Amino acid sequence: QVQLVESGGGSVQAGGSLRLSCVASGRPFRTYRMGWYRQAPGKGREFVVDIRRSGDITYYLDSVKGRFTISRDNAKDTMFLQMNSLKPEDTAVYYCAAAASENGPYDYWGQGTQVTVSS
C-alpha cells in the first residue's frame, strides 16, 4: 500500500506560479512510477505528466509543455510539479498517482489539491 498526500495548491493570477508536492508513504517510493493528473470542473480526469523510477519523463500534456516541470526526490519520497505561466484553463484539482509497473495503470491516488487561476 502507498499513501499519497498532495499539497501546494492555491489561487493565483494568470501568469503566476505554483509548486505542487506529493509525499508518499508506505512501500519504497523509488519503486513506483509517479504521475500527475488533473480534473477541471465538469470534465474528466486528464493525464498531465509522469516520471519513471529512473527519473525519465515520459511526456507532457501538450498544453503544459514548456510551462510545467515534473521532478522527484527519492530520498524524500516526494514528487513535485513546478507550474509556471499559469493560465485560467489550468484551473483544476490536481492528483498525484503511483504505479507499481512502468507501463501499467496507476494503482494509488492522492486526494487532490485545488489549483485556481484567475484572469
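At 34% relative accessibility, Arg53 counts as partly exposed, a class that lies between buried (under 20% relative accessible area) and exposed (over 50%), as computed with a 1.4 Å probe on protein chains only. The model is a predicted one, in which local features need pLDDT of at least 70 and side-chain atom pairs count only at pLDDT 80 or more, whereas totals for chains, interfaces and linings use all residues. Residues are numbered from 1 along each chain as its sequence is written, and side-chain values use heavy atoms, with hydrogens and water left out.

Arg53 forms a salt bridge with Glu102, with 3.8 Å between the closest N and O atoms; the term denotes a side-chain nitrogen of Lys or Arg within 4 Å of a carboxyl oxygen of Asp or Glu. Because Arg53 lies in the loop between E5 and strand E6 (57–60) and Glu102 in the loop between strand E9 (92–99) and E10, the pair ties together parts that are 49 residues apart in sequence. Strands (E, at least two residues) and helices (H or I, at least four) are DSSP runs numbered from the N terminus. Glu102 is likewise partly exposed, with a relative accessible area of 23%.

A search of the whole structure finds six salt bridges. One of them joins Arg33 to Asp50, the closest N and O atoms being 2.9 Å apart; since Arg33 lies in strand E4 and Asp50 in strand E5 (residues 45–51), this pair ties together parts that are 17 residues apart in sequence. Arg33 is buried at a relative accessible area of 4%, and Asp50 is buried at 5% relative accessibility. Another salt bridge is formed by Glu46 and Arg38, whose closest N and O atoms are 2.7 Å apart. Here Glu46 is partly exposed, with a relative accessible area of 32%, while Arg38 is buried at 5% relative accessibility. Through salt bridges that share partners, Arg38, Glu46, Arg67 and Asp90 are joined into one network.

Six aromatic pairs are present in the structure, a pair being two rings of Phe, Tyr or Trp (its six-membered ring) with centres within 6.5 Å, classed as stacked when the planes are under 30 degrees apart, edge-to-face when over 60, and tilted for the rest. Tyr32 and Tyr108 form an edge-to-face pair, with 6.1 Å centre to centre and 70° between the planes. Tyr32 lies in the loop between strand E3 (18–26) and strand E4 (33–39) and Tyr108 in strand E10 (residues 108–109), so the pair ties together parts that are 76 residues apart in sequence. Tyr32 is buried at 2% relative accessibility, and Tyr108 is buried at 19%. One aromatic cluster is formed by Tyr37, Phe47, Tyr59, Tyr106 and Trp109.

Charged groups also sit over rings, a term that requires NZ of Lys or CZ of Arg within 6 Å of the ring centre and within 35 degrees of the ring normal. Arg33 lies over the face of Tyr106, at 4.6 Å from the ring centre, and the charged end of Arg72 sits over the ring of Phe29, 4.5 Å from its centre.

Both Phe29 and Arg72 are among the residues in contact (heavy atoms within 4.5 Å) with Thr78 when its neighbours within four places in sequence are left aside, together with Ser21, Cys22, Val23 and Asp73. Thr78 is placed in strand E8 (residues 78–83) and is buried at 8% relative accessibility. A polar atom of the Thr78 side chain lies 2.7 Å from the backbone oxygen of Lys76.

How values were computed: Polar contact = N/O pair within 3.5 Å; in protein donor to acceptor, adjacent residues only side chain to side chain.
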